[in-house]
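Let's take a friendly tour of a protein model. Have a look at it first, then read on.

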Amino acid sequence: MNQPQPNHPAEMYEHYFVPAMFLPWAKILLRHAAPQSKECVLDVACGTGIVARVAAPFVGAEGQVVALDMNPAMLAVARALPAPSGAAIAWREGNAMDLPFEDGAFDLVLCQHGLPFFPDRAGAVREMRRVLAPGGRALAIVLQALERHPVFEALMVSVARHLALPVSAVMTPFSLSDAGELRALFTSAGFKTVEIRLETTTVQFPDPARFVTLAAMSSAAAVPAFGQLEAPERASLLDSVRKELESTIQQYRDGDAISFPMFAHVAVATT
Ligand SMILES: C[S@@+](CC[C@H](N)C(=O)[O-])C[C@H]1O[C@@H](n2cnc3c(N)ncnc32)[C@H](O)[C@@H]1O
């Protein structure tokens, strides 16, 4: 009964967005983090667990990986996927702003594209600091400005206009794009050193029309006005957004896919 349903948003996230976008970012994050054998790693806001799965082989069977998310549907997908080599992964439901772990329990805390979603970002970074052992490190990756991502910009402007909302209401993943603001979160939490590094990767999404539909749905998902629409109104909104995006999609078309560069900041902080 607890098996995730096919076409459930968490399944779509794992099978469509993770290979195209979150796996490339996870490899970049882990390159900056360089986890060592036997380390204890926490993946905060793990979603379907791509960062935890990429981290597990680095720390090996004598290391530990704990992955936490507040969304049980994402965790159900994570648990159902084949386990990677290396450390066994413990999946935990919980809140990034109130981590259910002892002080100093981890050597490394990772957070990929999670911070912009937290209502209390400063509180979440303080929690990352609290659960780190002396000499531990925290790394968070967040997207740079929406304006640097013309495909997402066109998509979010269109979605927001159809919902009669400001773009800020649907652009949460891009809402922590200021490097100074990101740095201040970590310095204020008491980290001794904080570096903000720039990163880029080229993402490639198969089936551009599907990309527009799924990306529009996920950017509108948290907006009550979208949730309140009846199915036909919702379908018509998505249809209009797809039509409006056609020329943008053409500019970035790569065979049967759509491909474009994305830009992120990686905060690297030590206790
Ligand atoms: C864009 S997803 C990123 C997931 C994952 N890190 C990845 O790279 O695929 C953002 C995740 O943050 C989680 N999230 C949002 N607020 C949270 C909170 N307060 N505590 C824990 N998880 C949270 C969501 O459930 C979602 O899985």
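Here is a short briefing, grouped by topic.

This is a predicted model, in which local features need pLDDT of at least 70 and side-chain atom pairs count only at pLDDT 80 or more, while totals for chains, interfaces and linings use all residues. Residues are numbered from 1 along each chain as its sequence is written. Helices (H or I, at least four residues) and strands (E, at least two) are DSSP runs, numbered from the N terminus.

**Two domains**

- The protein splits into domain 1 (1–143 + 178–205 + 260–271) and domain 2 (147–173 + 208–255), with bounds that come from an automatic or database domain assignment.
- Taken over C-alpha atoms, the centres of domain 1 and domain 2 are 26 Å apart.
- Where they touch, domain 1 puts in 11 residues and domain 2 puts in 10 residues; two residues are in contact if their C-beta atoms, placed from the backbone, lie within 7 Å.
- On the side of domain 1 that touches domain 2, helix 1, strand 6 and strand 8 each give two or more residues.
- Strand 8 has the largest share of that side, with three residues.
- That side of domain 1 has nine nonpolar, two polar and no charged residues. (Ala, Val, Leu, Ile, Met, Phe, Trp, Tyr, Cys and Pro count as nonpolar, Asp, Glu, Lys and Arg as charged, and the others, Gly among them, as polar.)

**The core**

- The largest nonpolar core has 83 residues, and L29, A55, V65, V109, L110 and L155 have the most contacts inside it.
- Such a core is a set of buried Ala, Val, Leu, Ile, Met, Phe, Trp, Tyr and Cys residues joined through C-beta atoms within 7 Å.
- Buried means that 20 or more other C-beta atoms lie within 10 Å of a residue's own; exposed means 12 or fewer, partly exposed is in between, and C-beta atoms are placed from the backbone.
- Helix 1 brings the largest share of this core, 10 residues.
- Domain 1 and domain 2 both give residues to this core, so it lies between them.
- Setting aside neighbours within four places in sequence, V109 is in contact with L42, V44, M128, V131, L132 and A138.

**Around the ligand**

- There are 19 residues around the ligand, and A45, G47, M70, N71 and A96 come nearest. (A residue is near a molecule or strand if its C-beta atom, placed from the backbone, lies within 6 Å of it.)
- Helix 1 (9–33) and helix 2 (50–59) each supply at least two residues of this shell.
- The shell has 12 nonpolar, six polar and one charged residues.
- A45 sits in the loop between strand 1 (40–44) and helix 2, and has a positive phi of about 60° although it is not a glycine.
- A45 counts as buried because it has 24 C-beta neighbours inside 10 Å.

**Helix 6**

- Which residues of helix 6 (residues 179–188) are buried? They are L182, L185 and F186.
- These residues cover an arc of only 90° around the axis, so they are on the same side of helix 6; the arc is that of the directions from the helix axis to the C-beta atoms.
- The buried residues of helix 6 pack against helix 4 (121–130), strand 5 (132–143), strand 6 (193–206) and strand 8 (257–270).

**One more loop**

- D207 is in the loop between strand 6 and helix 7 (208–220), and has a positive phi of about 55° although it is not a glycine.
- With 13 other C-beta atoms within 10 Å, D207 is partly exposed.
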